[in-house]
Structure formats: structure tokens, C-alpha cells
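Q: Please walk me through this structure one feature at a time. I would like the general idea before each case.

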Amino acid sequence: MGHKIVFSAMCAIGILAGALYAAPARADGPPFDLPVDCPYGECDIVHYVDHDAGPGIRDFACGTSTYDGHRGTDFAIPDEEAMISGVAVLSVADGVVSATRDGVEDIDAGRLNKDALGGIECGNGILIDHDDGWQSQYCHMRRGSIAVRKGDRVTRGQTIGLIGMSGQATFPHLHFNLRQHDELIDPFSGTDMADPGTENCSTTQSVLWTPQASAQMTYRPVHLYALGFSSGRPNATDIKRGYDRGDTLPATSPALYFWGYLIGVNDGDVITLNVAGPRGFNGSRDFTIKLPNDNGPRAKWFYVNADRPGDQWRTGTYQGRILFARDGKSPVEIGTTELHIP
């Protein structure tokens with residue numbers, strides 16, 4: 001039985017700048033509700049505001065869950081199937097709609113000419129004015145889903161559209177940002193990005209969110225966007241389309257692949273893919289990669305595969321686990337899934 005493990009860059013998203021700071025410069029403001037009806041009771045946030053003014057990257061917790069120049073918070077959903085099913089975008093507070101755009105196609109921007117989205121990087125979107133000079137912006141919404149018009153009054157928690165993949169987006173998500181008097185504010189730290197001052201790097205900051213919103217958001221130093229088993233090697237487009245997310249495969253499948261797609265990885269991180277099967281499954285169990293110190297892409301996908309032993313796979317349950325370690329710490333499990341071969 002042959003096995004191998006491969007990692008492949010999904011997109012280049014910046015270089016870590018590792019400085020740590022002290023106390024944050026904060027903007028006063030009302031608590032805001034979530035901009036997304038998080039489908040599983042907890043929001044998947046894959047990118048935060050970039051706090052590094054140079055070519056490096058640093059999120060509000062001084063981690064790498066961002067990319068160079070990112071000016072918002074990205075709330076992701078699992079795949080295009082979830083996008084088609086519909087995940088609601090919500091107004092974070094009472095306000096008046098000041099601008100909308102609709103009609104931009106939902107498509108992976110990585111497949112387009114780099115100049116094709118000039119002036120419409122936000123895709124289908126909404127801008128809402130709130131009290132005291134606050135504005136909220138919602139980008140990459142699904143074409144045809146915009147449910148409000150300019151001048152409409154909206155209420156906190158009102159559905160204003162659906163998550164999509166329009167504009168400068170390479171996977172289905174909502175890009176959300178807050179501004180006060182036209183200055184970008186990070187809702188986690190309250191930092192005015194025009195004058196960020198110093199920061200405390202705490203992972204528990206949520207100064208501009210309601211307690212209910214905060215309870216649905218957990219900071220992760222790395223985000224496991226997807227994992228699964230399949231009979232063939234997936235690629236980036238396959239993963240974003242929900243390729244082979246089922247939990248069964250026929251015993252005659254020619255091969256068995258276990259894969260994961262991580263966002264926010266850093267140089268020196270150690271990723272382990274572990275596959276265990278029913279008694280008599282003769283494959284090696286652990287496949288480990290330590291990422292090189294090359295300032296490489298911060299989103300990567302990994303897979304391990306095994307060829308079918310003889311005419312069919314042994315029936316039973318196969319389990320795939322992904323473990324993650326940073327800075328020499330012990331590995332922790334960040335995702336697990338099961339496959340059944342009848």
C-alpha cells in the first residue's frame with residue numbers, strides 16, 4: 001500500500017510581523033450584533049483586520065489570521081453548496097441604508113483576470129449609516145439576494161441579504177467592516193486603524209460586540225476551513241465546491257484520500273494528518289509536515305493518500321484527524337471526521 005503526503009499553496013496572504021505591544025487605542029461605540037446568521041451556532045472567522053502598517057501581517061491578537069492590508073473581518077461558510085442553500089446577512093444595528101450594489105456574479109476571483117474587478121472589489125454589497133457617525137459595510141453578497149434599497153430604515157438583526165462570493169472573493173464569505181467618521185475601526189479591539197497606537201494582543205477582546213455576539217466567536221490561531229475523505233485528490237476549486245464531503249465510499253474505490261485546508265498557517269508550524277482504520281488496515285498512521293521558514297503562503301491544503309489493497313478496502317469506519325502545533329508546543333487536535341466503507 002503506497003502513501004504520500006503533499007502540501008500545496010492555495011493563495012499568498014502575507015508575511016508575519018511578530019512584535020507584541022501593550023495597551024490598545026480604542027474607539028468608543030455601541031455594541032454591535034453579528035452580521036451573519038452563523039449556521040452552526042458558532043461563526044467561522046478566517047481573516048481579521050491587518051494591524052501591521054508595513055508589508056507584514058498582524059491581527060488584533062498579534063497572530064497571523066489576516067493578510068497584508070486586509071481591512072475587515074471575513075465570516076466564512078463551508079462551501080458553495082451552503083451559499084446556494086442561503087446563509088443570512090444581518091444588520092448589526094438600527095440604521096439607514098446609504099448604498100447598495102447587486103448584479104455582480106458569484107465566482108472565484110482567482111479564475112478571473114486581475115483587472116476584471118476594478119471598482120467592484122466589494123462585489124454585491126450594502127452600506128448602512130448608524131448613529132454617531134458609525135457605518136457598517138457588507139461585501140461579497142450573493143447576486144440577487146440584496147433585500148434592501150437606499151433610504152430604507154433597517155433594524156438590528158434584520159436580514160438584508162445572503163452570503164455570496166461576488167467581487168474580490170475566492171471562497172464564499174462575508175467581508176464586514178466598521179467605520180466611524182470614515183475611519184476603519186477593528187470591532188474586536190476597538191482600534192482606530194488611522195491611529196492604532198499600542199495593542200495588548202489579547203485573544204478575548206470584543207469591545208464593540210454584544211455579549212451574545214462574542215459568545216459565538218472564538219479566536220483561533222489557525223483556521224481549519226475544510227477536511228474530508230475522498231476517492232480522488234481534490235484541488236482548491238473542488239474543496240470550495242464541497243467536493244466529496246460525504247461520509248461513505250464504496251469498497252472498490254481505487255484510492256483513499258484524507259485532506260485538510262488550513263488558513264493562517266505560519267513558518268515552523270507542524271501539521272499532522274492521522275488516519276486510522278478498522279482492524280487489518282495496514283497503513284502508516286501519522287504523516288507530519290513542518291512548514292519551512294520561507295515566508296510562504298498562509299493558506300495551504302494538505303493530503304495523505306493510500307492505494308486500495310487488492311480488490312477492495314476492508315469494511316468499517318476510518319477516522320481522519322488533523323493536529324496542529326506552533327512555537328514548539330504540544331500538538332492539539334483541530335479537526336476530525338469519519339468515513340464508512342460498507
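A: Start with a strand pairing: β5 and strand β12 (residues 173-180) pair in the antiparallel sense over 4 bridges. Strands pair if DSSP finds at least two bridges between them; helices (H or I, at least four residues) and strands (E, at least two) are DSSP runs, numbered from the N terminus. This is a predicted model, in which local features need pLDDT of at least 70, side-chain atom pairs count only at pLDDT 80 or more, and totals for chains, interfaces and linings use all residues. Residues are numbered from 1 along each chain as its sequence is written, and side-chain values use heavy atoms, with hydrogens and water left out.

Q: Which residue stands opposite Asp-74 in β12?

A: His-175 stands opposite Asp-74. Strand β5 also pairs with strand β3 (residues 44-47), antiparallel and joined by 3 bridges. There, Ala-76 of β5 is the bridge partner of Asp-44.

Q: Which way do the side chains of β5 point?

A: In a regular strand, side chains alternate between the two faces of the sheet. In β5, Thr-73 and Phe-75 point one way, Asp-74 and Ala-76 the other way, and all are buried. Buried means under 20% relative accessible area, exposed over 50%, and partly exposed in between (1.4 Å probe, protein chains only).

Q: How many disulfides are there?

A: A disulfide is a covalent bond between the sulfur atoms of two cysteines. Here the rule is a pair of cysteine sulfur atoms within 2.5 Å, and the count comes to 3 disulfides. With the bonded cysteines numbered in sequence order, the pairing is 1-2, 3-6, 4-5.

Q: What is the handedness of the disulfide of Cys-38 and Cys-43?

A: The torsion about its S-S bond is about 70 degrees, so the disulfide of Cys-38 and Cys-43 is right-handed. The S to S distance is 1.8 Å. Cys-38 is buried at a relative accessible area of 8%, and Cys-43 is buried at 3%.

Q: Where in the chain do Cys-62 and Cys-201 lie?

A: Cys-62 and Cys-201 form a disulfide with sulfur atoms 1.9 Å apart. The pair links distant parts of the chain, 139 residues apart: Cys-62 is in the loop between β4 (56-57) and β5 (73-76), and Cys-201 is in the loop between β13 (183-185) and α2 (211-214). The link is left-handed, with -45 degrees about the S-S bond. Both Cys-62 and Cys-201 are buried.

Q: Are Cys-122 and Cys-139 buried or exposed?

A: Cys-122 and Cys-139 are both buried. A disulfide joins Cys-122 to Cys-139, S to S 2.1 Å. Cys-122 lies in the loop between β7 (95-101) and β8 (124-129) and Cys-139 in strand β9 (residues 134-141), so the pair ties together parts that are 17 residues apart in sequence. The torsion is about -100 degrees, so this disulfide of Cys-122 and Cys-139 is left-handed.

Q: Which residues lie nearest the centre of the largest pocket?

A: Rolling a probe the size of a water molecule over the atoms shows where empty space is left. On a 1 Å grid over the protein atoms alone, a pocket is an open set of points where a 1.4 Å probe fits, with protein on both sides within 12 Å along at least five of seven lines; lining residues have an atom within 4 Å of a point. The largest pocket is lined by 38 residues, and Arg-220, Pro-221, Val-222, His-223 and Ile-334 lie nearest its centre. β14 gives the largest share of that lining, 5 residues.
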